[in-house]
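Please look over the sequence and the structure shown here, then read the questions and answers below them.

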Amino acid sequence: MPSDHLTRRSLLQGSAAIAAAAPALVPTGAAAARPTAKEGTGMIPVELTVNGREVHLQLDPRTTLLDALREHLHLTGTKKGCDQGQCGACTVIVEGRRINSCLTLAVMHDGDKVTTIEGLGTPEKLHPMQRAFISHDGYQCGYCTPGQICSAVAVLDEIAAGIPSHVTPDLDKVSLSNSELRERMSGNICRCAAYPNIIAAMNDVAGETKA
Amino acid sequence: MKPFTYSRATSVADAAKTAASTQGARFIAGGTNLLDLMKLQIETPTHLIDVNHLGLDRIEPTPEGGLRIGALVRNTDLAADKVVRRDYSVLSRALLAGASGQLRNKATTAGNLLQRTRCPYFYDTNMPCNKRKPGSGCGAIGGISRSLAILGVSDACIAQHPSDMAVAMRLLDAQVDTVGADGVARAIPIADFHSLPGDTPHVETALKSGEIITSVTLPKPIGGTHVYRKVRDRASYAFALVSVAAVFGKDGGGRFAFGGIGAKPWRTPSADAAASSGAKAVAEAALSGARTTHHSDFKKTLVERTLASLYRQKEARP
Amino acid sequence: MKFDTPATTNPIDKGRVVGVAHDRIDGPAKVTGSAPYAYERHDAAPNAAYGWIVGSAIAKGTIAALDLRAAEAAPGVLGIVTHANAGKLGKGNYNTAPLLGGPAIMHYDQALALVIADTLENARAAAKLVRIDYAPQDGKFDLAAEQGNAVKPPDGGFGGAADSAVGDFDGAFAKAAVRIDQRYTTPDHSHAMLEPHATTAAWNGDKLTLWTANQMIAWSVGEVAKTLGIPKANIRLVAPYIGGGFGAKLWLRADALLAALGARQIGRPVKVAIARNQIPNNTTHRPATIQRIRIGADKNGVIDAIGHEVWSGDLPGGGTETAAMQTRLLYGGAHRMTAHRLATLDLPEGNAMRAPGEAVGLLALEVAMDELAEACGVDPVELRIRNDVQYDPEAGTQRPYSSRKLVECLRAGADRFGWAKRNPKPGKVRDGRWLVGMGVASAFRNNLVGKSGARIGVDGAGKVIVETDMTDIGTGSYTIIGQTAAEMLGVSLDDVIVRLGDSRFPASAGSGGQWGANSSTAGVYAAAMALRAKLAEKAGYPIDQAQFDDGLVKLGNQSQTLAALAGREGLWAEDSIEFGDLDKRYVQATFGAHFCEVGVDIDTAEVRIRRMGGAFAAGRILNPKSARSQVIGAMTMGAGSALMEALEVDTRFGLFINHDMAEYAVPVHADIPEQDVLFIDELDDKSSPMKAKGVGELGICGAGAAVANAIYNATGLRLRDYPLTIDKLLRAQTA
């Protein structure tokens with residue numbers, strides 16, 4: 001790397017700081033155990049709260065939130081389908097909102113709360129949406145599924161919060177309908193195409209929530 | 001992605017100054033377009049200035065009765081904003097027609113204006129593309145061009161501007177507020193914000209080195225019936241083949257802006273002037289100077305049809 | 001176990017577990033993200049380095065110079081694999097182009113190097129620093145231009161003979177009262193499964209383990225052995241979860257080979273995923289076709305002459321898209337011809353995608369049938385019923401169908417869909433801004449069977465364990481295999497543990513050609529029969545009298561628990577099912593009828609599906625819940641092929657230019673509203689002891705044609721070049 005690269009490292013605020021608290025969740029593949037050969041890129045400390053647990057990472061700034069989850073924290077439930085924001089498999093909930101974790105850098109989320117599929121439920125203690133996906137067969141190969149479920153959970157919240165969509169007839173009257181669910185879930189591609197089953201699962205959960 | 005350094009800007013002035021003084025620096029906000037392009041090394045910043053924490057995320061009324069939209073307001077929030085829904089619903093509609101819920105949660109107002117083309121030759125770094133690599137030629141001319149622009153194009157580039165939001169902004173005569181590296185603020189009318197390709201398709205906006213968008217200001221509401229119609233083969237999560245933003249006045253007048261067909265969000269005074277004469281006349285005026293390929297020729301028909309659909313929709317309303 | 005006579009009553013007929021709708025047993029793992037896919041094996045291969053593939057920037061030619069210095073010097077780089085240092089590589093039987101190219105380059109994005117680094121970020125960045133100078137050569141990329149140069153391909157493969165002829169087609173067609181003679185085209189399609197091709201590779205001495213996304217474990221062990229020149233015994237493939245395949249993962253691909261080579265080079269595990277935007281050009285696709293269909297019928301629509309010719313292209317040594325195959329079997333008619341012709345193209349290699357042949361063959365044939373129905377003034381459902389045939393129309397009555405319920409599907413499906421409400425006159429039904437139309441198409445897909453083995457055991461706790469290298473690519477294999485074991489041994493599904501996708505388990509038929517479900521459960525049936533015999537023997541009961549219920553082996557009012565019989569050691573049996581010639585003596589196929597209602601915008605020609613429905617006969621439906629999902633998923637893929645899916649060929653540069661998921665559009669939630677599936681009761685005793693047939697591909701067969709026919713009914717516009725996009729509809733309308 002050219003020397004000006006090193007100079008620019010000085011721009012990094014707090015780049016010299018070392019993660020303060022002991023990690024609550026020790027990432028086995030974390031940066032500390034992974035020295036970069038040769039010059040490398042300046043590592044940046046990042047603190048996240050993932051599924052309620054604080055984690056401290058030293059990351060190459062190029063690391064996406066998705067790769068931080070999958071490769072550093074070994075939370076592989078969040079999937080990489082396209083890495084280009086074109087499929088939705090990487091959907092996670094950050095600060096209460098669903099986003100594509102492939103199109104955001106982990107360093108941009110220092111201090112943020114992240115919920116992944118692992119944080120919604122476990123095989124022993126399923127989230128209602130996870131249970132509904134099973135009972136409605138809202139998946140096939142399972143690869144888009146964590147993203148679909150994170151999206152589905154967030155979509156019901158978005159509707160409850162009155163956020164309109166492309167198919168909302170009156171922007172001021174947001175309500176739950178199949179066409180609303182389909183439109184809002186369209187950023188999550190399922191090539192196995194369990195689409196109607198996913199919508200059925202969401203209706204199920206929405207009904208439960210209402211009741 | 002090429003290696004880069006990263007910093008969080010602490011103020012707008014600081015951001016602009018750092019950007020101007022650091023060769024290869026870029027601002028990052030939502031990142032939904034920039035990071036995709038960085039992975040492909042279509043964008044190769046050496047330094048990223050994170051502007052997400054500058055507090056530019058407010059929507060406020062202006063003394064003139066308009067609305068100032070912070071550069072960092074997320075697409076979801078802008079579309080859902082009460083005032084925008086009420087007074088500028090064409091903007092809400094345009095935003096909601098774009099991308100996906102996840103992307104709208106992250107993508108920002110300023111970032112959307114700066115969104116780069118979806119031309120597949122721009123995206124494939126092995127292909128010639130004057131926009132990506134000046135002087136390398138245009139792969140799209142003579143290639144696959146169904147989705148590409150027919151207005152404002154040049155012999156060097158037929159890339160389309162992909163934004164929906166910017167089309168509504170163009171319709172509403174928004175102005176883009178910036179601060180330059182010297183700390184001086186300026187306002188750029190949206191009509192002048194995006195550049196046409198000409199011989200320099202890599203130059204896409206009027207922004208100068210280090211200049212940062214701080215907000216987008218809408219003039220006071222113009223009333224009328226707001227509509228946005230986006231036409232695409234896939235029902236959602238797809239870029240427009242043609243989109244039309246329109247506001248119809250009670251007096252039979254109207255104004256129109258177009259997406260999917262222009263090298264930039266497209267609007268012509270003559271099309272607005274033809275509003276009372278109906279869809280065909282508006283289309284004819286809007287399409288003046290259109291240059292199509294054998295793949296994109298249908299877009300002329302589709303513009304007229306989409307306008308016809310809007311007129312029909314308008315008539316159907318009480 | 002040899003299956004060469006029709007099945008009689010057997011334990012599966014009990015229908016206590018098999019044939020009953022069950023939630024997937026792999027569901028909890030999938031919905032919680034705890035199911036490990038190939039790139040996620042931190043557990044099995046910690047410390048894996050990251051490989052990034054460098055693809056060719058040209059379609060044809062050679063590498064003139066390869067300069068790795070900058071890449072090698074880049075941060076974190078651990079090694080680079082190229083043809084120059086990979087050692088001698090063989091080529092697998094199923095690959096057309098070498099998976100690692102160089103110096104010769106056979107297609108765009110053919111892998112030319114693998115850059116390995118300590119992090120993904122470093123590997124991806126360093127890959128961009130590999131400098132390749134090319135010596136390009138001219139290639140052929142345009143199927144239409146090469147149509148005249150296409151040749152008759154060699155017979156063989158899944159398709160059988162390239163040509164077929166019965167009677168005097170030309171004479172009968174010339175004399176027919178009603179004639180249809182049309183040309184149809186279908187574009188190249190991309191599988192676009194959500195999980196990219198991905199592999200983690202690790203060597204232990206000369207032993208190689210590949211955790212890999214692969215549908216066909218046993219095939220691919222052989223392919224790895226052949227390509228690397230190492231014994232099969234030294235290779236282990238593991239694929240418990242696969243994120244979709246649709247044919248893309250039938251083969252050994254570059255991810256697996258390069259991960260293996262990379263891991264060997266750096267002496268550390270390496271993982272490789274093919275980047276999404278590399279997939280369309282680096283891997284396989286469904287080839288484009290040009291098809292000509294001629295049908296001669298009497299005034300009542302009864303077919304006398306039917307001809308189907310297909311042109312497709314592939315790399316030298318590649319294969320045909322066998323799109324005329326179903327036309328040999330689907331409808332009657334005394335005079336018949338089919339022909340496949342293959343052009344040489346220098347595009348990426350073509351290969352199987354969900355229902356190869358039928359999926360695109362029916363996009364043409366079933367539109368031609370719609371055209372015939374209109375020309376004769378016969379209802380399209382009725383037309384198909386009139387041309388039903390209960391035997392192989394090329395071979396004659398001596399080769400009947402094992403079971404064929406097309407007519408039942410058409411009738412029941414029409415009824416359920418409300419077909420009677422369809423206005424046969426196109427362009428007459430309006431709903432707001434939408435022109436509304438309905439379409440129908442027959443579904444037809446061959447039933448293929450293949451040898452399949454399994455091992456089954458009972459442990460000391462009475463749990464039943466099944467092991468087979470069968471894969472579950474979303475098809476529901478885990479559950480139907482579990483159901484089969486539960487049924488056979490008289491336990492509940494909760495008491496069965498199913499382990500799949502590991503080459504250490506007995507070789508199965510694998511997942512492809514919709515042969516997997518029937519063949520692999522039949523293999524489990526065979527192994528379970530062997531285990532029942534062992535259990536009965538241990539219990540001291542005659543096997544022909546022993547009953548297996550409630551976790552017990554019973555004889556009259558005596559019983560012993562499976563757990564006790566198994567003992568601490570457990571009791572195991574292994575067998576496989578081998579199929580005789582029942583599929584030669586009988587035609588075995590699955591059938592269905594697709595119905596679709598579309599709306600077409602009166603101004604913009606946007607097409608939106610309003611509802612889809614269908615009735616299907618595919619033998620015993622092992623798990624109606626997952627089978628329905630397979631069918632609706634395939635219907636959606638069929639809708640995609642009708643409305644949006646096309647790899648666009650740039651014939652100057654020789655590549656698919658729209659090589660990502662934004663530009664290669666597949667249906668999203670908003671495209672797919674209501675879908676209804678009815679399974680027609682059917683047991684096919686000549687298919688297997690399960691009396692089941694495949695169902696995973698049937699749903700795509702004809703689905704797109706039903707959409708196309710609905711568009712015609714809505715608008716009166718007959719388009720024959722897929723996909724039926726807005727630009728084509730507008731051009732047809734203004735022409």
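Predicted model: local features only at pLDDT ≥ 70, side-chain atom pairs only at ≥ 80, totals over all residues.

Residues are numbered from 1 along each chain as its sequence is written, chains are lettered from A in the order in which they are written, and side-chain values use heavy atoms, without hydrogens and water.

Q: How many residues of chain C are in contact with chain A?
A: Contact means heavy atoms within 4.5 Å. Chain A brings 60 residues to this interface, and on the side of chain C the number is 67.

Q: Which residue of chain C forms a salt bridge with A:D137?
A: A salt bridge is a side-chain nitrogen of Lys or Arg within 4 Å of a carboxyl oxygen of Asp or Glu. The rule finds six salt bridges across the interface of chain A and chain C. For A:D137 the closest N and O atoms are 2.7 Å apart, and the partner is C:R24.

Q: What distance separates the centres of domain 1 and domain 2 of chain A?
A: Domain bounds come from an automatic or database domain assignment. Here domain 1 covers 44-120 and domain 2 covers 128-206 of chain A. Taken over C-alpha atoms, their centres are separated by 21 Å.

Q: Which residue meets A:R98 in a salt bridge?
A: Between domain 1 and domain 2 of chain A the count is one salt bridge. With N to O at 2.9 Å, the side chain of A:R98 meets that of A:E158.
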